[in-house]
Amino acid sequence: MPVPNAKQLHYINFSTTTACFIGFALSLYSLLVEINIERNPTYTPMCDISPSMSCTKAFGSQYGKGFGIIGKLLGEKHGLNQPNSLYGMAFYTLCFFITMVDMRTAVNIMIGLAILSNLASLYLASLLIFVLQDFCIVCVSTYFVNATLLFLSMYKKRVLFGASNIKSEKSSHAKED
C-alpha cells in the first residue's frame with residue numbers, strides 16, 4: 001500500500017491535536033466556572049457578557065450536568081450525573097490519544113466519537129436556543145471544536161484510506177498476481 005502524503009497527515013494530526021487541546025481547555029474553563037460559582041454565588045465569570053449571553057445560565061441549568069438526561073434516568077445524586085465539562089475533558093483526552101494512531105480502526109473510532117459529539121452538540125445547542133434562550137460563547141466554541149474534529153477525522157480517513165489509495169492497492173495486488 002502506498003504511503004499517504006506525510007505532510008498532509010502531519011497537518012491533520014497537528015490540527016486534530018490542537019482542536020483537542022482547545023476543547024479540553026474550554027471544558028476545563030467550564031468546570032472552573034462551575035466550581036467558582038458553587039463556592040461564591042456572587043462570582044461573575046468572563047463568559048457572562050450579558051443576561052442573554054451567559055455561560056453561567058447554561059452551566060447552571062438542569063442540562064449542565066449529565067446532559068439533563070442522566071439525572072432523570074439514574075437520579076440527581078448518581079455518580080454518572082457529572083458536569084458536562086467533565087465528559088468533555090474525557091472526550092478530548094480520548095480523541096487526543098486516538099489521533100496518535102494512524103490505523104483504520106482508530107480512524108473509524110474517531111469518526112464515530114466525533115459524530116456522537118456533534119449529535120450532543122446539536123442537542124445542547126437546541127436546548128440553549130429554544131429552552132434556555134441563551135447564547136453561551138464557551139458552549140458554542142465547543143460545538144465548533146466538535147465539528148472541526150469530525151471534519152479532520154473524515155479528512156484523515158480520506159488521506160489514509162481514500163479512493164486513490166484503494167485503487168493503488170488493488171492495482172499493486174493485480175501486478176503481484
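F97 is exposed, with a relative accessible area of 52%, whereas F96 is partly exposed at 28%. Here buried means under 20% relative accessible area, exposed over 50%, and partly exposed in between, with a 1.4 Å probe and protein chains only. This is a predicted model, so local features need pLDDT of at least 70 and side-chain atom pairs count only at pLDDT 80 or more, while totals for chains, interfaces and linings use all residues. Residues are numbered from 1 along each chain as its sequence is written, and side-chain values use heavy atoms, leaving out hydrogens and water.

Let's stay with the rings. A search of the whole structure finds 4 aromatic pairs (rings of Phe, Tyr and Trp, the last by its six-membered ring, with centres within 6.5 Å; planes under 30 degrees apart count as stacked, over 60 as edge-to-face and the rest as tilted). One of them joins F91 and Y92 edge-to-face, 5.0 Å centre to centre with 70° between the planes. Both F91 and Y92 are buried. The rings of F96 and F97 have centres 5.2 Å apart and planes at 75°, so this pair is edge-to-face.

Now to the helices, which are DSSP runs of H or I with at least four residues, numbered from the N terminus. Helix α1 covers residues 6-39, and its 34 residues reach 49 Å from first C-alpha to last, close to the 50 Å expected at 1.5 Å a residue (1.5 Å times one less than the number of residues).

Helix α3 spans residues 70-74 and holds L74, which is partly exposed at a relative accessible area of 45%.

Key
Helix = DSSP H or I, 4+ residues; strand = E, 2+ residues; numbered from the N terminus.
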